[in-house]
Amino acid sequence: MSAAHAISQTVNDDSKTMNTLNPVRIRLRAVLLALCLPPVAAAAEPAPADQHQTYCVPCHQSALPNAPDALYTRPQRLVRSYAQIAPEVRKWATAAGLRWSDAEVANMAAYLNAQYYRY
Ligand code: HEC
């Protein structure tokens, strides 16, 4: 093997390595992923806070005009454990004519627990 051949071999090997592990490409892919993922996730599952405000609060407000959220914290409340939240959410979502996925119900249950129940 001539010296020139050996050098060109080395350059070729380096360029192969650069192709697969090019940090600019890796960063570009990360940026593209970051740009793509959140809107897709948001489209699949709307924010529970927004859904609550839109579909649930108006009716709770007509039941308890001064403090609709007290529905969740009143002493005689229906929900007594974390496990009871989702079935109650399902019941009311269905009553409101919404066809929520299990994920939407679970997200709402987690939201109501974080905001009000705290089980
Ligand atoms: C048609 C009116 C109406 C709509 C729409 C409605 N609710 Fe309610 N909700 C009520 C009333 C009235 C109660 C109290 C029932 C009782 O005490 O027997 C209640 C109770 C609840 C409870 C139980 C509170 C407790 O006592 O612990 C949960 C949880 C709940 N609603 C969630 C929701 C969610 C989530 C939505 C939106 C998807 C929603 N509700 C939509 C009227 C409504």
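Analyst: Happy to! Helices here are DSSP runs of H or I with at least four residues, numbered from the N terminus. Keep in mind that this is a predicted model.

User: Good to know. How many helices and strands does the protein chain have?

Analyst: There are five helices and zero strands in the protein chain. Along the sequence, the pattern reads α-α-α-α-α.

User: And how much of the chain counts as buried?

Analyst: Of its 119 residues, 8% count as buried. Among contacts in the chain with a separation of 6 or more, 57% join residues 24 or more positions apart.

User: Which residues make up the largest nonpolar core?

Analyst: That core has seven residues: Val79, Ile85, Val89, Val105, Met108, Ala109 and Leu112. H4 and H5 are the elements that give two or more residues to it, and H5 gives the most, with four. In soluble globular proteins, nonpolar side chains tend to be buried together.

User: Let's stay with H5. What are its buried residues, and what covers them?

Analyst: The buried residues of H5 are Val105, Asn107, Met108, Ala109 and Leu112. H3 and H4 are among the elements that cover them.

User: What is Val105 in contact with, leaving aside neighbours within four places in sequence?

Analyst: Val105 contacts Ala86, Val89, Arg90, Ala93 and Trp100.

User: You mentioned H3. At what angle do H3 and H5 pack?

Analyst: The angle is about 90°, and their axes are 9 Å apart. Angles of 65 to 115 degrees count as roughly perpendicular, so H3 is roughly perpendicular to H5. H3 makes the contact with Pro48, Ala49, Gln51 and His52, while H5 uses Asn107, Met108 and Tyr111. By type, the residues of this contact are four nonpolar, three polar and no charged.

User: Nice. Switching topic: how many residues surround the ligand, and which are the closest?

Analyst: The ligand is surrounded by 19 residues, and the closest are Cys56, Cys59, Arg77, Val79 and Trp92. The elements giving two or more residues to that shell are H3 (48-63), H4 (82-95) and H5 (102-117).

User: How does the shell divide into nonpolar, polar and charged?

Analyst: The shell has 16 nonpolar residues, one polar and two charged.

User: What about the loop between H3 and H4, where Pro68 is found? What does Pro68 touch?

Analyst: Not counting residues up to four places away in sequence, Pro68 touches Val57, His60 and Gln61. The C-alpha atoms of Pro68 and Val57 are separated by 6.7 Å, with the two residues 11 apart along the chain. Pro68 counts as partly exposed because it has 16 C-beta neighbours inside 10 Å.

User: Is Arg118 buried or exposed?

Analyst: Exposed, because Arg118 has 10 C-beta neighbours inside 10 Å, and a residue counts as exposed at 12 or fewer.

Key
Residues are numbered from 1 along each chain as its sequence is written. This is a predicted model: local features need pLDDT of at least 70, side-chain atom pairs count only at pLDDT 80 or more; totals for chains, interfaces and linings use all residues. A residue is near a molecule or strand if its C-beta atom, placed from the backbone, lies within 6 Å of it. Ala, Val, Leu, Ile, Met, Phe, Trp, Tyr, Cys and Pro count as nonpolar, Asp, Glu, Lys and Arg as charged, and the others, Gly among them, as polar. A nonpolar core is a set of buried Ala, Val, Leu, Ile, Met, Phe, Trp, Tyr and Cys residues joined through C-beta atoms within 7 Å. A residue is buried if 20 or more other C-beta atoms lie within 10 Å of its own, exposed if 12 or fewer, and partly exposed in between; C-beta atoms are placed from the backbone. Two residues are in contact if their C-beta atoms, placed from the backbone, lie within 7 Å. Axes are lines fitted to C-alpha atoms, for helices over the stretch in contact, and angles run from 0 to 180 degrees between N-to-C directions. Angles under 35 degrees count as roughly parallel, over 145 as roughly antiparallel, 65 to 115 as roughly perpendicular and the rest as oblique.
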